[in-house]
Amino acid sequence: MAKAPSSDQARPVTVDRLPLDEETPRPVTVLHQSFRSGAKTRWHSHRRTELVHASGGLLVLHAETGTWTVPAGHALLIPADLPHELAAYGCCEMRAAFLTDEVLSEAVPRSCRVIAVSELLDVALRALASGPLLYDPAGRGGHLAALIVEEIVGAAEIHVALPMPQAPRLRKLARDMVQKPALGLDLDGWAEQVGVSRSTFTRRFRSETGLSFAEWRRRLRILHTLTLQADGMPLREAARSAGYRSANALRDMMRRTLATTVLPPAGGSGS
């Protein structure tokens, strides 16, 4: 993992063991890292698939294609060679696992995915991170690595990504909303901002992001709220910042939205 930029706002990321050599001859490598709340890495990528999991707080990953929020109890799978920036809010400890394509086989991610972390996966990540980098593949380390892969492959996915449109005018609008989630224009107002009709705006936005504009805005407000809460802001203040009149209204929206975003594990019986 690259170090965060040195500044008064963000101290460098610290790693309490050997720096990762992505050519280490092991199919799974896990590092334990410490982040200051609010710290960000520089833009970077890895040659292997990366899984990041924080012990608390919130992780937010930005890529050109979108933004992913990783709440407590979850982890993010990041495809190899994807340029990204990672920010931590309210976090102090994180595990970063790096996995080869061979060990993941058909489960190699083609895009970022947020997955649920079982207690077994959490313990296995901690255990492998605390052992030697060059563990015995036939011993304890090898068994832990196999367990980590099995738990990742079988984990449930939640859809909390915020895909970004690529068309210049829609992308500018989306970026403006990310900066100010409480902006209160109605659908006609946003269409006017882009310079198209309401029907054209809704059609293009769905085509670019895969989401309706209303669903995209709900996800943005959830991301914004979770980030503020991880930094210690009370829900009432976070609700106002996200554009909601009350904490109850925001809480109800988050409950309804998150309840419909969980997908079954690969091979499960869900639709």
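Student: Which residues of helix α8 (residues 235–242) are called buried?

Tutor: They are L235, A238, A239 and A242. Buried means under 20% relative accessible area, exposed over 50%, and partly exposed in between, with a 1.4 Å probe and protein chains only. The helix itself is a DSSP run of H or I of at least four residues, strands being runs of E of at least two, numbered from the N terminus. This is a predicted model, in which local features need pLDDT of at least 70, side-chain atom pairs count only at pLDDT 80 or more, and totals for chains, interfaces and linings use all residues. Residues are numbered from 1 along each chain as its sequence is written, and side-chain values use heavy atoms, without hydrogens and water.

Student: Why is helix α5 called roughly perpendicular to α6?

Tutor: The axes of α5 (residues 187–194) and α6 (residues 198–209) cross at roughly 85° and come within 9 Å. Angles of 65 to 115 degrees count as roughly perpendicular, under 35 as roughly parallel, over 145 as roughly antiparallel, and the rest as oblique. Therefore α5 is roughly perpendicular to α6.

Student: Which residues of α5 and α6 meet?

Tutor: L187, D188, W190, A191 and V194 in α5 meet R198, F201 and T202 in α6, where contact means heavy atoms within 4.5 Å.

How values were computed
Axes fitted to C-alpha atoms, helices over the stretch in contact; angles between N-to-C directions.
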